[in-house]
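Trainee: I am new to this structure. Please walk me through the terms as we go.

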Amino acid sequence: MEELSRRLKTVASFVPQGARLLDVGSDHAYLPLYLMAKGQISFAIAGEVVAGPYQSALAHVSSSAFAKSIEVRLADGLSAMTPADEIDTIVIAGMGGRLISRILGNGCAGLEQVQRLILQPNNSEDEVRSWLQQNGYVLIAEAILEESGKFYEILVAEAGQHGLSDKELRFGPFLSQEKSDVFQARWLKEKAKLEQALSQIPDSKIKERQVLEERILAIKEVLDESE
Ligand code: SAM
């Protein structure tokens with residue numbers, strides 16, 4: 001089996017011992033296979049909506065020792081599971097934040113019995129945090145890492161209520177507290193991009209400049225750079 005990416009290993013580290021897992025968008029079923037090989041999960045559904053990746057997941061699982069404990073299903077989002085599956089943990093990784101929010105929003109029977117959501121949006125993390133907040137979930141952990149020149153955030157949520165500020169929605173309540181080196185590198189890079197964009201906007205376009213200036217200021221504040 002291929003070595004799992006550091007991104008997916010970090011996602012895997014948040015899966016509880018003995019979990020019954022649904023991995024949504026499980027193109028090669030790498031994550032369920034890795035977790036099963038480690039003895040970390042008891043059952044998994046590898047859900048895929050596209051035929052090619054579904055076939056690939058099926059081939060990987062069929063040729064593994066875990067064909068009985070991992071079911072590969074061709075299905076859209078959470079409709080891959082039913083209440084009878086008793087899924088308690090859902091992973092949705094490697095997709096845009098808007099798509100992740102849409103998949104969760106489409107819901108399905110059985111979501112109430114799920115205890116933990118582990119989400120790794122490739123972008124629009126703030127939209128995912130907003131969705132969680134508006135739908136009765138509280139973040140219990142966050143992680144950020146850099147791999148192959150890209151930054152990835154991982155959001156872990158369970159049922160609960162909280163009121164995140166705009167700053168926390170954008171930067172993450174845990175990540176902005178912790179301010180790890182990777183977090184700082186990510187937002188310094190974003191700030192440089194925004195400053196470059198701002199330098200291209202003529203002074204006459206006041207509104208456009210203001211939007212960028214506010215976003216740059218928010219980054220400076222979270223990085224403790226504002227004077
Ligand atoms: N989860 C893996 C990872 O993190 O490496 C695969 C990420 S891959 C970029 C995204 C996968 O999600 C694709 O195989 C795509 O077909 C699948 N996908 C997209 N929308 C989906 C949906 N609504 N339901 C199930 N799978 C979906």
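Mentor: Start with the elements. Helices (H or I, at least four residues) and strands (E, at least two) are DSSP runs, numbered from the N terminus. This is a predicted model: local features need pLDDT of at least 70, side-chain atom pairs count only at pLDDT 80 or more, and totals for chains, interfaces and linings use all residues. Residues are numbered from 1 along each chain as its sequence is written, and side-chain values use heavy atoms, with hydrogens and water left out.

Trainee: Which elements supply at least two residues each of the lining of the largest pocket?

Mentor: Helix H5 (125-134), E7, helix H6 (166-171), H8 and helix H9 (206-222) each do. H8 gives the largest share, five residues.

Trainee: What makes a space a pocket, and a residue part of its lining?

Mentor: On a 1 Å grid over the protein atoms alone, a pocket is an open set of points where a 1.4 Å probe fits, with protein on both sides within 12 Å along at least five of seven lines. Lining residues have an atom within 4 Å of a point. Here 22 residues meet that for the largest pocket. Ser124, Glu125, Arg186, Trp187 and Glu190 lie nearest its centre.

Trainee: How many residues of this lining are charged?

Mentor: Asp, Glu, Lys and Arg count as charged. By that rule 14 are charged, beside four nonpolar and four polar.

Trainee: Why is Ser148 called exposed?

Mentor: Exposed means over 50% relative accessible area, buried under 20%, partly exposed in between (1.4 Å probe, protein chains only). Ser148 has 73%, so Ser148 is exposed. Ser148 lies in the loop between strand E6 (137-147) and strand E7 (150-159).

Trainee: What is the phi of Ser148?

Mentor: Positive, about 50 degrees, although Ser148 is not a glycine. Most residues other than glycine have a negative phi.

Trainee: How do you know how much area is buried between domain 1 and domain 2?

Mentor: The bounds, domain 1 (6-162) and domain 2 (183-222), come from an automatic or database domain assignment. Buried area is the accessible area (1.4 Å probe) that two parts lose on being put together, summed over both. For this pair it is about 430 Å². Carbon and sulfur atoms give 59% of that area. Ile144, Phe151 and Glu153 supply 81% of the area that domain 1 buries against domain 2.
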